[in-house]
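Student: I would like to go through this fold term by term. Please hold each label up against its definition.

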Amino acid sequence: MPTLHIFGGGTALIQQAIQLAQAVGWEASVRTSPRLWDPGDALAQQVKSMGVTVVCEEKLEAAMAGGPPIGAGDVALSYGAPWIFRQAWIDQWNGGAFNYHPRRLPENRGGGGSSWAILMGD
């Protein structure tokens with residue numbers, strides 16, 4: 001059974017992505033960092049109740065070492081992940097890694113996205 005590997009944070013995205021994955025018979029996992037994840041909040045409790053593996057680490061390498069391994073047909077979805085995904089990491093997904101970034105890349109890379117554009121009058 002394929003797995004949807006979610007990287008980053010965002011309450012609505014995580015809830016909806018997990019629900020969609022599970023509705024079609026997929027597993028789901030979340031890999032995130034301590035700055036994005038509070039294990040005591042409502043989202044964390046909901047994700048736990050859904051039987052989803054959550055790996056919370058500062059470094060991507062440590063996050064990848066925990067949780068399910070990448071399998072054939074798996075998909076990676078990044079939304080606000082704090083890590084830089086190097087080409088070797090991207091290549092292991094065989095075209096199944098997707099990153100949501102609300103600004104043009106590489107011109108507007110980095111965090112802040114929409115709020116930074118507003119502050120800059122862009």
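Tutor: Two ground rules come before the labels. This is a predicted model, where local features need pLDDT of at least 70, side-chain atom pairs count only at pLDDT 80 or more, and totals for chains, interfaces and linings use all residues. Residues are numbered from 1 along each chain as its sequence is written, and side-chain values use heavy atoms, with hydrogens and water left out.

Student: How do you know that strand β1 and strand β4 pair?

Tutor: Two strands pair if DSSP finds at least two bridges between them. Strand β1 (residues 3-8) and strand β4 (residues 75-79) are joined by 5 bridges, so they pass, and they run parallel. I6 stands opposite L77 in β4. Strands themselves are DSSP runs of E, at least two residues, and helices are runs of H or I, at least four, numbered from the N terminus.

Student: What makes β4 and β5 a pair?

Tutor: β4 and strand β5 (residues 97-100) share 4 bridges, in the parallel sense. Here S78 stands opposite N99 in β5.

Student: Why are β3 and β5 called edge strands?

Tutor: The open sheet has 5 strands in the order β3-β2-β1-β4-β5, with parallel pairing. β3 (53-56) and β5 each pair on one side only. On average, neighbouring strands of this sheet are turned by 15° against each other, direction ignored.

Student: What makes α1 roughly parallel to α2?

Tutor: Helix α1 (residues 11-23) and helix α2 (residues 42-49) pack at about 10°, their axes 11 Å apart. Axes are lines fitted to C-alpha atoms, for helices over the stretch in contact, and angles run from 0 to 180 degrees between N-to-C directions. Under 35 degrees counts as roughly parallel, over 145 as roughly antiparallel, 65 to 115 as roughly perpendicular, the rest as oblique. That makes α1 roughly parallel to α2.

Student: Which residues of α1 and α2 make the contact?

Tutor: T11, I14, Q15, I18 and Q19 of α1 meet L43, Q46 and V47 of α2; contact means heavy atoms within 4.5 Å.

Student: Why is N94 called exposed?

Tutor: Exposed means over 50% relative accessible area, buried under 20%, partly exposed in between (1.4 Å probe, protein chains only). N94 has 72% relative accessibility, so N94 counts as exposed. N94 is found in the loop between α4 (87-91) and β5.
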